[in-house]
Amino acid sequence: QVHVVESGGGLVQPGGSLRLSCVASGSIFRIYALAWYRQAPGKQRELIAGITADGNSNYAHSVKGRFTISGDNAKNAVYLQMNSLKPEDTAVYYCNADIRVSPGSPYNDYWGQGTQVTVSS
């Protein structure tokens, strides 16, 4: 069994910063990639940043230059540093992990429960 848990959300003023954390635990043989998604009310869930185990990262255009994703392979963790936050960044942020639980198993997606980020004055 695999658990993915996010933390670090909250209320912040426009222009402020937050750092989200995500840790995967349980029956993990290998992680291929970790990513952050977000879903605003009435909108579809969107990929905003991802990082592979070998350190390759990518970002959605809407957050590039403001958000930074980083990973810690030893801790099965991924972080999202969010700077210059805008009201339109308000959403539930989800962590996604692409995990293989045994040498012979395929990679499967695992999701956290989400953490709320609200940007408002």
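Trainee: Which radius of gyration would a compact globule with 121 residues have, and what does the protein have?

Mentor: A compact globule with 121 residues would have a radius of gyration near 14 Å. The protein, seen here as a predicted model, has 14 Å, which agrees. Along the principal axes, its C-alpha atoms fill a box of roughly 50 × 25 × 25 Å.

Trainee: How many helices and strands does the protein contain?

Mentor: There are zero helices and eleven strands. The pattern along the sequence accordingly reads β-β-β-β-β-β-β-β-β-β-β.

Trainee: How should I read a strand, and where does strand 4 find its partners?

Mentor: In a regular strand, side chains alternate between the two faces of the sheet. Turning to this structure, strand 4 covers residues 30-39 and pairs with strand 9, residues 91-100, in the antiparallel sense over nine bridges. Within that pairing, arginine 30 has arginine 100 as its bridge partner. Strand 4 also pairs with strand 5, residues 46-52, again in the antiparallel sense, over six bridges. Here alanine 33 is bridged to threonine 52.

Trainee: What lies between strand 4 and strand 5 in their hairpin?

Mentor: Six residues lie between the strands, and glycine 42 takes a positive phi near 80° in this hairpin.

Trainee: How far apart are the mean positions of the positive and negative charges?

Mentor: The mean positions of the 10 positive and 8 negative charges are 2 Å apart.

Note on methods
Residues numbered from 1 in each chain as written. Predicted model: local features only at pLDDT ≥ 70, side-chain atom pairs only at ≥ 80, totals over all residues. Heavy atoms only, no water. Helix = DSSP H or I, 4+ residues; strand = E, 2+ residues; numbered from the N terminus. Rg over C-alpha atoms; globule rule 2.2 N^0.38 Å. Lys, Arg positive; Asp, Glu negative; His and termini not counted. Charge placed at Lys NZ, Arg CZ, Asp CG, Glu CD. Pairing = 2+ DSSP bridges.
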